Amino acid sequence: MAKEKTVYVCQSCGYEAARWLGCCPDCGEWNTFEEHRSTPAPAPSKTAEKAAKYQTARKSEIVALSQVEDRQEPRSSTGNEELDRVLGGGLVTGSAILLGGDPGIGKSTLLLQVAGSLSQRCRVLYVSGEESARQIKMRASRIGVPQDKLYVLAENDVESILEKCEGMQPDVLIIDSIQTMVSEDSASAPGSVSQVRQSAGAIVRYAKETGTSTFIVGHVTKEGSLAGPRILEHMVDAVLYFEGDRQHEYRLLRAVKNRFGSVNELGVFEMRSEGMIPVPNPSETLLSQRTRGAGGSVVFCTLQGSRPILCDLQALAAKSFYSVPKRTVGGMDSSRVALLLAVMEKRAGKKLFDQDVYINVAGGLALSDPAADLAVCVAVASSLMGFALSPSLSVMGEVGLCGEVRPVSQAERRVAECVRLGFTEILLPKQNMKSIKPIEGVRLTGVDTLMQALAVVTD
């Protein structure tokens, strides 16, 4: 009998070392090495032999690009319009999709709802390595998922799963989750780097060979990134992230990788007792609880992919009793907000050196749009000077270090969304005024500098 070999494997990147190391020399992460005992691979079983054909790549010939068949990938709806939007229009045959998110955020609930909807039109197999079939049925009954044509399998052995898939030949396969899967090709514990890599590789290759659309659930680390080796994200066609506070009812679904569509799309869901409910009009939802006539609150239109969304951007400036004033930011880059406060003090003469400033984007949205700069400045000035902004006002514009207001992208779509929801006063960069036609009943005000913008809102 061969002797066991002890190796230490980095749980972040998969680097192997003969001894324990504090810092991984490959990825630079600290305290990520775990001890693994490797034994000689056992003789391949019949199940492993059947799955072996998915472990080898298909042979192909060199061809000129002009000779490659040009055809559009067919898409099918998942039955969930928000998920279809993030995927780029629907589910592509043979695609592998990785869905990540914090525990309890709603990944399994959403996929169970999608499985129930798809099962009415095609064969769907829901594989769970975390729950029993009885637990899945209880959750499906609670959220009202159709069960007559939905098949489930409580199994975590990859080779056994692929053997059963070969017999059933499902059109859609759901794996929940990849960290619980075990492959006979690796002697490591479930959830280790080698197990995740081997299991995901076999599942993705099966999806490509058979044309099975596959959803894979992935756990996340405490830093918010997908657990396991980075190669896991390279294997799949799309990587989706669920965002949102578990104490908040709204969930945001973003694509950070998508071979078949845009990575800038955003899906909005509401978590209820009956499951994940799509929110088709997030602008109206996010503004429904806005306090009108209060200082420091301004409406801003951001673009999330092709979707314009109105959000309530709030600011509070209060006298500081500390030697260094506090700057607390939620939903935006804190360094960007610090830059805007410095511009306001230097270029607009607003004294903020002795003020605690708090910024919040209501509804749980995370803004990276530079067009929010002017809205932040206007909201801070409103709170600092103690005046309320018009409830029908919307503000957009990028602010430079010299106090200039620069044009924003796709201003026409932003303005159209504001008008659709009843905003009749829109403050925007003057250069964007050239491409926008006058709108009856709507006052468009163009400004060149931050000083002009503040003068307009204080009149």
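Two strands count as paired if DSSP finds at least two bridges between them. With that rule in hand, turn to the sheet. The model is predicted. Strands of a sheet pair through backbone hydrogen bonds, either parallel or antiparallel.

Now pick out one pair. Strand 12 (residues 250-258) runs antiparallel to strand 13 (residues 266-272), and five bridges join them. Within this pair, Arg 251 stands opposite Phe 269 of strand 13.

Move on to strand 18, which covers residues 355-361. Five of its seven residues are buried, so strand 18 is largely enclosed by the rest of the structure. Buried here means under 20% relative accessible area.

Strand 18 has partners. Strand 16 (residues 307-319) pairs with strand 18 in the antiparallel sense, over seven bridges. There, Ala 318 stands opposite Asp 356 of strand 18. Strand 17 (residues 327-330) pairs with strand 18 in the parallel sense, over four bridges. Thr 328 has Tyr 358, in strand 18, as its bridge partner. Between strand 17 and strand 18 the chain passes through helix 9 (residues 334-347), and this β-α-β crossover is left-handed.

Finish with helix 10, residues 373-385. How far apart are its end C-alpha atoms? They are 18 Å apart. That agrees with expectation, because 13 residues at 1.5 Å a residue should span 18 Å. The expected span is 1.5 Å times one less than the number of residues.

Helix 10 is also largely enclosed by the rest of the structure, because eleven of its 13 residues are buried. The buried residues include Asp 373, Leu 374, Val 376, Cys 377, Val 380 and Ser 383. An α-helix has 3.6 residues a turn, so residues three or four places apart point the same way. Gly 386 follows helix 10, and its phi is positive, near 80 degrees.

Definitions and conventions:
Residues are numbered from 1 along each chain as its sequence is written. This is a predicted model: local features need pLDDT of at least 70, side-chain atom pairs count only at pLDDT 80 or more; totals for chains, interfaces and linings use all residues. Side-chain values use heavy atoms; hydrogens and water are left out. Helices (H or I, at least four residues) and strands (E, at least two) are DSSP runs, numbered from the N terminus. Buried means under 20% relative accessible area, exposed over 50%, partly exposed in between (1.4 Å probe, protein chains only). A crossover is right-handed if, with the strands pointing away from the viewer, the path from the first strand over the helix to the second runs clockwise.
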